[in-house]
Amino acid sequence: MDPRLFKALKYGTPLLLVAFAAWLIWAPPARVGYAPEQPIAYRHDIHAGDPSKKTFDGRDQYGIDCRYCHTGVEVSKKAGVPSMNTCMNCHEIIGYGKAGVMKLRKYYEQKKPLDWVRVHNMPDHVRFPHAPHIKQLHKPGEHISRSCVPCHGEVAAMKVVTQVESLNMGFCVNCHRDYRNTVEYKHQGVNINCNTCHY
Ligand code: HEC
Ligand code: HEC
Ligand code: HEC
Ligand code: HEC
Ligand code: HEC
């Protein structure tokens, strides 16, 4: 073998392996900024934004509680996405004539399913349950939407839902480590064993 090639392999291979391992753990934040177009231009800012403020384009905000639509978030693994019936509770009447609302009604009348495009997504080998997180992160007296911010950012101010955190393994483990080291959680089940998060 060419000695230069040998040298390159000898020193290059371990470097590549380390880089590969680092890449796996601190995975590229390719999904940060992901904001797919949805079948209906549903806006979180108008629906769930702080009613004492306006949207960036001067619209009223209605402050609907996150849990009205994401009913599972405090009680089960999945936060869940609302069915069309939930939308129609209001949109039988409200917003009649607006393009997005008329499109919604058309789906509803034709019984066409609304296939929302998934924004945040874990690989199959990862376990992520919402309920235990919200139970810990939702401080008494604080608005429910605050407890979503560490992982989803300020959804209540977004026109289009956008992923703002990498949600990679380092992101999850960092918070678990911080919590584990606080007195309040010293004896609780926040841990960083592989099988906490991996099946
Ligand atoms: C009136 C119903 C409604 C309310 C209230 C609501 N949402 Fe949503 N939410 C939706 C719908 C519909 C989608 C799917 C379409 C989309 O992504 O825009 C969604 C999507 C999301 C997603 C992205 C899900 C994914 O695919 O990864 C997050 C995160 C989210 N909502 C957080 C919140 C938070 C935080 C609040 C409260 C501040 C809230 N939502 C209030 C209806 C609602
Ligand atoms: C609790 C009542 C309520 C629910 C539930 C609700 N909306 Fe709305 N929605 C509103 C209000 C209020 C407005 C603002 C109407 C206006 O500005 O005249 C609105 C506006 C809209 C608009 C028009 C936005 C724009 O650009 O003007 C769309 C589209 C819409 N909603 C879709 C949905 C969808 C999809 C759902 C179900 C996931 C939903 N809404 C659930 C109350 C609701
Ligand atoms: C500790 C991080 C974390 C917090 C806090 C959090 N989420 Fe999530 N959320 C995620 C992850 C990770 C996913 C993707 C889950 C998957 O693919 O299995 C997700 C997915 C979702 C989805 C998509 C549908 C579903 O059920 O998977 C919605 C909607 C959602 N979150 C809403 C919320 C709301 C509302 C709050 C606050 C009340 C919240 N989340 C708090 C991490 C979080
Ligand atoms: C903002 C801090 C924070 C972030 C970010 C976070 N976690 Fe957690 N996680 C916690 C806390 C606090 C608990 C402890 C809950 C308890 O004691 O019931 C926990 C518990 C868990 C549990 C055990 C739940 C059970 O069954 O009791 C799993 C699994 C988990 N987290 C997965 C994840 C994954 C996967 C991510 C990244 C997508 C993540 N966490 C990000 C704070 C966080
Ligand atoms: C707090 C939750 C959490 C803990 C604890 C955790 N992981 Fe992960 N791990 C994740 C998440 C989330 C991902 C997915 C990252 C992504 O998709 O960007 C992941 C991805 C991985 C991957 C990459 C697989 C792929 O799809 O690229 C490997 C390998 C891995 N974990 C091994 C481990 C090992 C070994 C341990 C124990 C030392 C561990 N994990 C502990 C949350 C965790």
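This is a predicted model: local features need pLDDT of at least 70, side-chain atom pairs count only at pLDDT 80 or more; totals for chains, interfaces and linings use all residues.
Which residues come nearest to ligand 4?

View 1. Pro132, Gln136, Pro150, Cys172 and Cys175 come nearest, out of 21 residues around ligand 4. Two or more residues of this shell come from each of α6 (130–137), α7 (149–152), α8 (169–180) and α9 (194–197). By class, the shell around ligand 4 holds 14 nonpolar residues, 6 polar ones and 1 charged one.

**View 2. The largest nonpolar core.** Six residues make up this core: Ala48, Cys66, Val73, Ala79, Cys148 and Ala156. Ala48 is a handy place to start looking around. Setting aside neighbours within four places in sequence, Ala48 is in contact with Gly63, Ile64, Cys66, Ser145 and Ala156. Of these partners, Cys66 and Ala156 can also be found in the list of core residues.

View 3. The protein chain is divided into domain 1 (1–30), domain 2 (32–80 + 120–167) and domain 3 (82–115). Note that domain 2 is written as two stretches of the chain, 32–80 and 120–167. Taken over C-alpha atoms, the centres of domain 2 and domain 3 are separated by 21 Å. Domain 2 brings 4 residues to the contact, and domain 3 brings 7 residues. On the side of domain 2 that touches domain 3, there are 4 nonpolar residues, with no polar and no charged ones.

**View 4. Lys111, a positive phi in a loop.** Most residues other than glycine have a negative phi. Lys111 is not a glycine, yet its phi is positive, at about 50°. You will find Lys111 in the loop between α5 (99–109) and α6. Is Lys111 buried or exposed? Lys111 counts as exposed because 7 other C-beta atoms lie within 10 Å, and a residue is exposed at 12 or fewer.

**View 5. Leu167, a positive phi in another loop.** Leu167 is also a residue other than glycine with a positive phi, near 55°. Its place is the loop between α7 and α8. Here the count of other C-beta atoms within 10 Å is 20, so Leu167 is buried, the cut-off for a buried residue being 20 or more.

How values were computed
Residues are numbered from 1 along each chain as its sequence is written. Chains are lettered from A and ligands numbered from 1 in the order in which they are written. A residue is near a molecule or strand if its C-beta atom, placed from the backbone, lies within 6 Å of it. Helices (H or I, at least four residues) and strands (E, at least two) are DSSP runs, numbered from the N terminus. Ala, Val, Leu, Ile, Met, Phe, Trp, Tyr, Cys and Pro count as nonpolar, Asp, Glu, Lys and Arg as charged, and the others, Gly among them, as polar. A nonpolar core is a set of buried Ala, Val, Leu, Ile, Met, Phe, Trp, Tyr and Cys residues joined through C-beta atoms within 7 Å. Two residues are in contact if their C-beta atoms, placed from the backbone, lie within 7 Å. Domain bounds come from an automatic or database domain assignment.
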